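Thanks for coming, everyone. Please have a look at the structure on the screen, and I will walk you through a few of its features.

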Amino acid sequence: MRRMRGLALWGAVLTAVAAGVVPARAEGTPGDAVAVTEADLSYHGFAVLHGGRVDVRLTPRNHGPGDVSDATVRLRWSVPLAAGAQRLPAGCARTGRQEVVCGTGALPADGPGEAIALRVRLRGRPAEMTMDVDTLWGGGAVDRNRANDRQRVLLLDTGDAYFF
């Protein structure tokens, strides 16, 4: 019983450290907190569903206050992607049946990053679907406003652009 309580305590400590609740300590300097970069990432763009494919164009933005050397944006669809290889731009990779991740590159404080454009083929020809966009990795920066880097977009197979 005591062992299980100890494991639960360590699990809670590791979760708190991973969530950024407990300040990190620098090696060799007891008591000194390591400076943590703060950033506020967001993504804006549009997506078009037409004939079993989705075209996406988005621009990552860092509202600051600190710079981010690189981050990873995740795009997840409610419909599986077509089997086989997808033609994805450099810096993007398929990571699951319904998911692609893309590196953003450097994001200066209070500035936009490079636009990311991709096309994915879907399994079948859905009349509608959703696409989720969120930050998978924030470059080690703390983002205290996660609300603006998570989007869910409803896409209808109309060929119209849906903005987010």
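This is a predicted model: local features need pLDDT of at least 70, side-chain atom pairs count only at pLDDT 80 or more; totals for chains, interfaces and linings use all residues.

Asp55 lies in strand 2, residues 53-62, where strands are DSSP runs of E with at least two residues, numbered from the N terminus. Residues are numbered from 1 along each chain as its sequence is written, and side-chain values use heavy atoms, with hydrogens and water left out.

The side chain of Asp55 makes a polar contact with that of Arg119 at 2.5 Å; such a contact is a pair of N or O atoms within 3.5 Å, where, within protein, one must be able to donate a hydrogen and the other to accept it, and residues adjacent in sequence count only if both atoms are side-chain atoms. Setting aside neighbours within four places in sequence, Asp55 is in contact, meaning heavy atoms within 4.5 Å, with Phe46, Ala47, Val48, Leu118 and Arg119.

Turning to the sheet, five strands form an open, antiparallel arrangement in the order 4-5-3-8-9, and two strands pair if DSSP finds at least two bridges between them. Strand 4 (92-96) and strand 9 (150-156) each have a single partner strand, so one side of each is left without a neighbour in the sheet. Within this sheet, strand 3 (residues 72-77) pairs with strand 5 (residues 99-103) in the antiparallel sense over five bridges, and Arg74 stands opposite Val101 in strand 5.

Definitions and conventions
Helices (H or I, at least four residues) and strands (E, at least two) are DSSP runs, numbered from the N terminus.
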